[in-house]
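Please open the structure in your viewer and keep the selection tool at hand.

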Amino acid sequence: MKKSKQEQSVMNEMTYNRKIKYYHWIGLVLSSIIYLWFINLIVYFSSPELAYWVHIGDSIISKTSIVGIIAQTQVVLIILMVLNPIKISNMVAIILNMILASGAIYATFIKGNMDALPGVVIPVSTIIMVIIISRYGNNLNKQIKKVIHFNQIIKKNEEMLHNMAYYDSLTQLPNRTMMLEKMGSLTDPYAKENNSFIFVFIDLDNFKKINDSMGHSVGDEILKQISMRWKESVHAQDLLGRLGGDEFALIICRDLTQTELLEYVESFRFVLSKAFTIEHKDFYINASFGITRYPEDGSNTTELLKNADIALYNAKNAGKNEIQFFNKEMQKDVLKRIQLENGLFTAVRNNELYMVFQPQYTSDSKKLRGYEALARWEYSELGFISPGQFIPIAEETGIIIEMGKWIFRTVLEKFMEFQKRFDKKPMVSINISVVQMIEPNFVTMVKEILNETGFDSRYLELEITESVFISYPDHIINVIKQLREFGIRIAIDDFGTGYASLSYLHLLPINVLKIDKAFIDLITTQKAISQIVSNIINLSHQLGIEVVAEGVEDEEQLNALIQFNCDYIQGYLFSKPISEEQLFQMHD
């Protein structure tokens, strides 16, 4: 198995330390042997039988001088032993000096050789010196060890701070700071080389639902497993990081063709296809990818991030689990969206929103049942904006909460005026977004406006799409039950276009089912669709649910629906949505 750089570095350091220790032992042994040999020389030159003057070559030196030179050399050897880091070196030095001192004492006081007297003083003083140096050396070593220890702590702290600053604590991937600094260095205009690279913005699809439904601990574990899979897919020259939440990024520092790039990014999407098992439950995760190239799609980090985000937004709008390359047309679409977002924030205050009302009639007697209230927007900058454009934006930005409250109050106030003026109480239907339904104060808001306006809740019908039940089933059913306690009626809108099925209609606490226009358009031309619509109506009646057919445009469709015993009709055959003024004129 291939060792990591850190493991290799530790092994090299251990090998080096063993070699150094070996050399220290050799030094200690050689110093000891030389020292003992010098003792023999001192004994030899201190002998009374030896002449005082000794001929060495052409020079004549006194034996006292020779002994002195040898003694000083021994002191040097002792110092070397003291400096040797091997623990027993000080003890060896003391023992050797004690041997020398013993011999000198024997020669001086027993043999009466006074020339050996310096041999007593020098080793004794050397022993004292060794003890003193040893004591100070031990203290110094302790201080050095403390310094080394503190340096190690500082180094570890620096590494920890570096990891905290540049790495994500959950996934151990480079974090946003590190990714942005890398992009900054690659886009630096003063860099010696002109770097071209690719930036991939990655966002996990619908990850918030997992956090909301299963808890953040499960979400965190999934993020860790995703990171582990992606680490195995990333090329050694590239940099994968987590920007935060469910957002990741990939910096590709290689020159890839469009096909190679698409295959490479596709590999990241592919590894998500296998389920993530957490606490014995399987989770399936998809991701959307937005891609930009430097310098074609941006000259700096800010532009690249913005344009990658635009590409990612388009990937989400294309149905999610998509890969999108940035292009200039995307920028125009996003600029228009931003313009719409900004306009929506002030639409209510600027009185740019208004309501229209589409009548509903009984299918057999053609009597008026009520009206569906529909919001419209006349934007001062762009003119009329269709609900299909501004409602999704309002939901994504949360503006739908304020807008929904305004719609509630406006519609109920208008129909209170209608009731007083004409002494009639038609059913009033208002569309409700899932964002409103999951807002904690939604039921309270409805109750407050009913109380403020004095509107009879028995004539209020709230329309919700069937997909709402799939997203937050338990919460939505609980909210509906609270609303029905006030006498409010509940209708499923656009039935057949989402996820609801006939098999579980009996589980839903609803009063009305509205069949989507897509089915009504085909009931006279496709027998299978006609049969489906007939079955929907029959089953709904068996469950005590009334049925409204939306988008009825001709007599043939009407006759078919009458034959199927459909309760109510809504569509252009009877009336397009009408303004407030037209509403009042109809009954004057």
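Begin by selecting Asn 90, which is buried at a relative accessible area of 15%; buried means under 20% relative accessible area, exposed means over 50%, and partly exposed lies in between, computed with a 1.4 Å probe on protein chains only. Before going further, note that this is a predicted model, in which local features need pLDDT of at least 70, side-chain atom pairs count only at pLDDT 80 or more, and totals for chains, interfaces and linings use all residues. Residues are numbered from 1 along each chain as its sequence is written, and side-chain values use heavy atoms, with hydrogens and water left out.

Asn 90 belongs to helix H3 (residues 89-110). Helices (H or I, at least four residues) and strands (E, at least two) are DSSP runs, numbered from the N terminus. Which residues does Asn 90 touch, not counting residues up to four places away in sequence? They are Met 81, Val 82, Val 130 and Ser 134, where contact means heavy atoms within 4.5 Å. Now select Val 76 as well: its C-alpha atom is separated by 14 Å from that of Asn 90, and the two residues are 14 apart along the chain.

Within the chain, select helix H6 (residues 207-214) and helix H7 (residues 216-233), which pack at an angle of about 140° with their axes 7 Å apart. Axes are lines fitted to C-alpha atoms, for helices over the stretch in contact, and angles run from 0 to 180 degrees between N-to-C directions. H6 and H7 are therefore oblique to each other; angles under 35 degrees count as roughly parallel, over 145 as roughly antiparallel, 65 to 115 as roughly perpendicular and the rest as oblique. To view the contact, select residues including Phe 207 and Ile 210 of H6, and Ile 222 and Leu 223 of H7.

Move to His 280, in the loop between strand E6 (276-278) and strand E7 (281-283). Is His 280 buried or exposed? His 280 counts as exposed, at 81% relative accessibility. Its phi is near 65°, a positive value in a residue other than glycine.

Finally, select Tyr 294 and Pro 295, which are joined by a cis peptide bond with omega of about 10°. Pro 295 lies in the loop between strand E8 (287-294) and helix H9 (301-317).
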